[in-house]
Amino acid sequence: MPAQINPSILSADFARLADEAEAVRGADWLHVDVMDNHFVPNLTLGVPVVESLARATDTPLDCHLMIEAPDRWAPQYVEAGAGSVTFHAEAAAAPVRLAREIRAKGARASMALKPATPIEPYEDLLPELDMLLIMTVEPGFGGQAFLDIMLPKIRRTRELIKKHGLELWLQVDGGVSASTIERCADAGADVFVAGSAVYGASDPAEAVRALRTQADA
Ligand code: DX5
Ligand code: ZN
């Protein structure tokens with residue numbers, strides 16, 4: 001699969017979200033960071049904003065839920081129009097049941113791991129997922145430095161995906177930029193979230209294309 005680049009609107013202007021979505025036309029997905037000030041020490045947006053954004057753009061929404069009680073909330077993001085919903089392994093009470101519910105409602109089901117959460121305990125769950133997200137910063141804020149120490153986990157996850165012959169996408173999120181994306185791609189990632197590297201660029205759409213070219217090289 002060619003590399004997918006998902007700009008994170010966390011680094012966009014929240015008062016102009018429809019325009020900011022348009023500014024990255026050509027991106028594969030728009031990455032929407034939902035934070036509840038409990039699971040992470042930051043607060044962003046919720047279901048009503050996702051509902052409006054889904055109406056305002058043709059680019060599918062990749063909702064990353066950094067919230068407690070995702071078992072209760074994730075299905076509502078599918079109903080709001082998200083094409084992919086990611087819950088955190090550390091927060092889900094019943095990840096298999098939740099992934100099945102997300103899929104049954106018609107979205108791609110995805111699970112995220114914070115930097116200190118290993119992949120190995122989740123090996124048997126991988127067939128239930130459409131994507132696995134490996135955080136390459138501590139979740140909560142854009143613009144943080146990429147954690148190189150996550151590269152072995154990306155590699156081990158790619159091995160597990162191969163071993164089980166799965167179609168699972170492997171996403172990385174946090175500090176992904178022109179100077180780190182090649183290392184992520186080499187380690188086996190194929191979906192790349194980039195916030196500050198895209199919205200901090202003078203031409204965000206061009207930044208998306210450049211990142212994709214680098215990741216595919
Ligand atoms: C951080 C969020 C990321 C964030 C990435 O917790 O999950 O999606 O927007 O921002 P950058 O690309 O600037 O590290
Ligand atoms: Zn994110």
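Which residues touch the most other members of the largest nonpolar core? Four of them: Leu-65, Tyr-77, Val-85 and Phe-192. Keep in mind that this is a predicted model. The core counts 68 residues. Strand β6, residues 131–135, gives the most to this core, with 5 residues. As background, nonpolar side chains in soluble globular proteins tend to be buried together.

Stay with Tyr-77 for a moment. Setting aside residues up to four places away in sequence, Tyr-77 touches Val-47, Val-50, Cys-63, Leu-65, Ala-82 and Val-85.

Next, the ligand. There are 22 residues around ligand 1. Ser-8, Leu-10, Gly-142, Gly-195 and Ser-196 come nearest. Which elements give two or more residues to that shell? They are β2 at 30–35, β8 at 191–194 and α7 at 196–199. By class, the shell around ligand 1 splits into 12 polar, 8 nonpolar and 2 charged residues.

Last topic: backbone. Most residues other than glycine have a negative phi. Here are two with a positive one. Asn-37 is not a glycine, yet its phi is about 65°. Asn-37 sits in the loop between β2 and α2, the latter being 47–56.

Look for Ala-69 in the loop between β3, 61–66, and α3, 70–79. Ala-69 has 15 other C-beta atoms within 10 Å, so it is partly exposed.

That's my tour. Over to you.

How values were computed
Residues numbered from 1 in each chain as written. Chains lettered and ligands numbered in written order. Predicted model: local features only at pLDDT ≥ 70, side-chain atom pairs only at ≥ 80, totals over all residues. Near = placed C-beta within 6 Å. Helix = DSSP H or I, 4+ residues; strand = E, 2+ residues; numbered from the N terminus. Nonpolar A, V, L, I, M, F, W, Y, C, P; charged D, E, K, R; others polar. Core = buried A, V, L, I, M, F, W, Y, C linked by C-beta atoms within 7 Å. Buried ≥ 20, exposed ≤ 12 C-beta atoms within 10 Å, placed from the backbone. Contact = placed C-beta atoms within 7 Å.
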